[in-house]
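Q: Could you take a close look at one part of this structure for me? I would like to know how that part sits among its neighbours.

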Amino acid sequence: MAKTLRDEINILHAQVCSGLADPNRILILYELAGGSHNVSDLAATLDIPQPTVSRHLKILRERDMVTAERDGQSVYYS
């Protein structure tokens, strides 16, 4: 296997594993699998403080595990 491909796979693995390293992020992904939600909806449904949900969504966005769409003042994640 080419070294560059192995390096790319190692980087991808690190990103995915660090994205899923926190159980709350996995809960968020499961909730988003059922449809898009904004931060407030996720916080209420999962009983997690809103700032914590926002921080986890930021990490998931950075790893391209969720997408965000603005609708007026709200941002919906899927």
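A: Let's start with Asp64, which lies in the loop between α4 and β2 (68–71); helices here are DSSP runs of H or I with at least four residues, strands are runs of E with at least two, and both are numbered from the N terminus. Before going on, a word on the model: it is predicted, local features need pLDDT of at least 70, side-chain atom pairs count only at pLDDT 80 or more, and totals for chains, interfaces and linings use all residues. Residues are numbered from 1 along each chain as its sequence is written, and side-chain values use heavy atoms, with hydrogens and water left out.

Asp64 follows α4, and its phi is positive, near 55 degrees. That is a positive value in a residue other than glycine. Asp64 counts as exposed, at 72% relative accessibility; exposed means over 50% relative accessible area, buried under 20% and partly exposed in between, with a 1.4 Å probe and protein chains only. From C-alpha to C-alpha, Asp64 is 9.4 Å from Gln15, although 49 residues separate the two in sequence.

α4 has 13 residues, and from its first C-alpha to its last it reaches 18 Å, close to the 18 Å expected at 1.5 Å a residue. The expected span is 1.5 Å times one less than the number of residues. Which residues of α4 are buried? They are Thr52, Val53, His56, Leu57, Ile59 and Leu60. Viewed down the axis of α4, these buried residues fall within an arc of 160 degrees, so they line one face of the helix. The arc is that of the directions from the helix axis to the C-beta atoms.

Helix α3 (residues 39–46) packs with helix α4 (residues 50–62) at an angle of about 115 degrees, their axes 9 Å apart. The axes are lines fitted to C-alpha atoms, for helices over the stretch in contact, and angles run from 0 to 180 degrees between N-to-C directions. On the α3 side, Val39, Leu42 and Ala43 take part, and they meet Gln50, Val53, Ser54 and Leu57 in α4. By class, this contact has 5 nonpolar, 2 polar and no charged residues. Here Ala, Val, Leu, Ile, Met, Phe, Trp, Tyr, Cys and Pro count as nonpolar, Asp, Glu, Lys and Arg as charged, and the others, Gly among them, as polar.

Now look at α3 from its own side. Its buried residues are Val39, Leu42, Ala43 and Leu46. They cover an arc of only 100 degrees around the axis, which puts them on the same side of α3. Among the elements that cover them are α2, β1 (37–38), α4 and β3.

Between α3 and α4 there is a loop that holds Asp47. Its phi is near 55 degrees, a positive value in a residue other than glycine. Asp47 is exposed, with a relative accessible area of 71%.

Finally, α1 is where Ser18 has its place. Ser18 counts as partly exposed, at 28% relative accessibility. Leaving aside neighbours within four places in sequence, Ser18 is in contact with Arg25 and Arg63. Lys3 also lies in α1, and it is exposed, with a relative accessible area of 60%. The C-alpha atoms of Lys3 and Thr52 are separated by 38 Å, with the two residues 49 apart along the chain.

Terms used
Contact = heavy atoms within 4.5 Å.
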